Amino acid sequence: MTIFRARPAPTLAVVVALAAAVTATGTAVLTGPATAAQGCRVDYTPNQWPGGFTASIKVSPGDTAVSSWTVTWTYAGDERVTNGWNATVSQSGSTVTARNMSYNGSISAGGSTEFGVQGTFGSSGGTPTGFSLNGVPCNGAGPTPTTAPPTTAPPPTTPPPTTPPPTTPPPTTAPPPTTPPPTTPPPTTPPPVGCAGAVLCDGFENQTGSTPSGDWTVVSPDCSGTGTATIDTTTAHSGSRSVRINGAAGYCNHVFVRSSANLGSVGSVRYARIWVRHTTAQPTEHTTMLAMTDAADGNKDLRLGGQNGALQWNRASDDATLPEQSPAGVAQSVPLPVNRWTCVEFMVDGSAGQLRTWLDGTAVTGLTADGVPTHDIDGQWYNRTWRPQLTDLKLGWESYGGGADTLWYDDVAVGSSRIGC
């Protein structure tokens, strides 16, 4: 079985893979005798980036089948698990407990199953320890302690931030605060065809300089670097202008253009239509190409981008993804085509807590949150109540790993009904 790696990690490549025969008193969940299985084994394969990680965990009970399973381990640092897939995962202090789902509880003798976790950290403690299966130590460990987990290293009271604080001053390209932003596109240029009365409708034809201005402000929400945003007169979906984003690899090269249109009048249901073109296939690492501030989620962003080579939605507040980053989940999404203009549409219903996405007019199953949690798709998305209140629109690029890309945006529209391509 191939172990799925959500994000490659140049800084940590540890596979906990030891096997030994051990004996101890087990629990009633074992189908065989209440003793440690011969060759009981838990393989923990992590992938780490600054401030976050994923891990794929393979459970092998050895020569005794189990009808259900509970796996535990202990972190030595301040790692905090934020979500998981193919298991119900919880954390108390530094100890993590993962329990099987209804569909993967039975593991035959000599068989195995896999699940995964995602989390954050401020200071990683390296390889986890104390792996056990149904209370029985695995990987050659000694008997499971009967005392409570150590309390000498309590977790932080709040999860570590998913993005570090800015290290450079924000860009100074915003218009003076004394100049109120326009609420509609300037009447001097016609809107793109098919805006259908949208509140925001812009083909960037009113841009006269090389740097986006007027209705758009260049921003770097977390920290700025080598990423740039310019007006391009050589590549456009319609007319003669578009916004070009040179998205650099690595963290702190974030760059976006933010609309100054008053999007508060859109209401709780928001539809958007954006034409986008890019040059480089989406990488395995997490990237973002569109972000919207959510006033109902601590003003954290709702983000559309990619991971594992396909489009995904991501919540900045808890790093939940749509679809889930399991192999089956990623297969329900699609990559963003390269070197051609693509029509991206989405709908966010803040009242119902639903989200839908279309690519060139075709709905994408993996990018749909319909209000009913579905394994591999929106099960992780609904790990809490989600009722977004979106207040802005930002187009650009964020990379949390090695991904770089060049993108163009054109014919952007946002309204209260579907606009279409």
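A disulfide here is a pair of cysteine sulfur atoms within 2.5 Å, and the structure holds 3 of them. The model is a predicted one, in which local features need pLDDT of at least 70 and side-chain atom pairs count only at pLDDT 80 or more, while totals for chains, interfaces and linings use all residues. Residues are numbered from 1 along each chain as its sequence is written, and side-chain values use heavy atoms, with hydrogens and water left out.

Select Cys343 and Cys421 to begin: a disulfide joins them, with an S to S distance of 1.9 Å, and at -90 degrees about the S-S bond the link is left-handed. The pair connects distant parts of the chain, 78 residues apart, with Cys343 in strand 20 (residues 342-349) and Cys421 in the segment after strand 24; strands (E, at least two residues) are DSSP runs, numbered from the N terminus. Cys343 counts as buried at 0% relative accessibility, whereas Cys421 is partly exposed at 48%, where buried means under 20% relative accessible area, exposed over 50%, and partly exposed in between (1.4 Å probe, protein chains only).

Next, select Ser416, which is also placed in the segment after strand 24 (405-415). Leaving aside neighbours within four places in sequence, Ser416 is in contact (heavy atoms within 4.5 Å) with Val266, Val269 and Tyr271.

Finally, select Cys40 and Cys138, which are joined by a disulfide (S to S 1.7 Å) and are both buried.

Key:
Helices (H or I, at least four residues) and strands (E, at least two) are DSSP runs, numbered from the N terminus.
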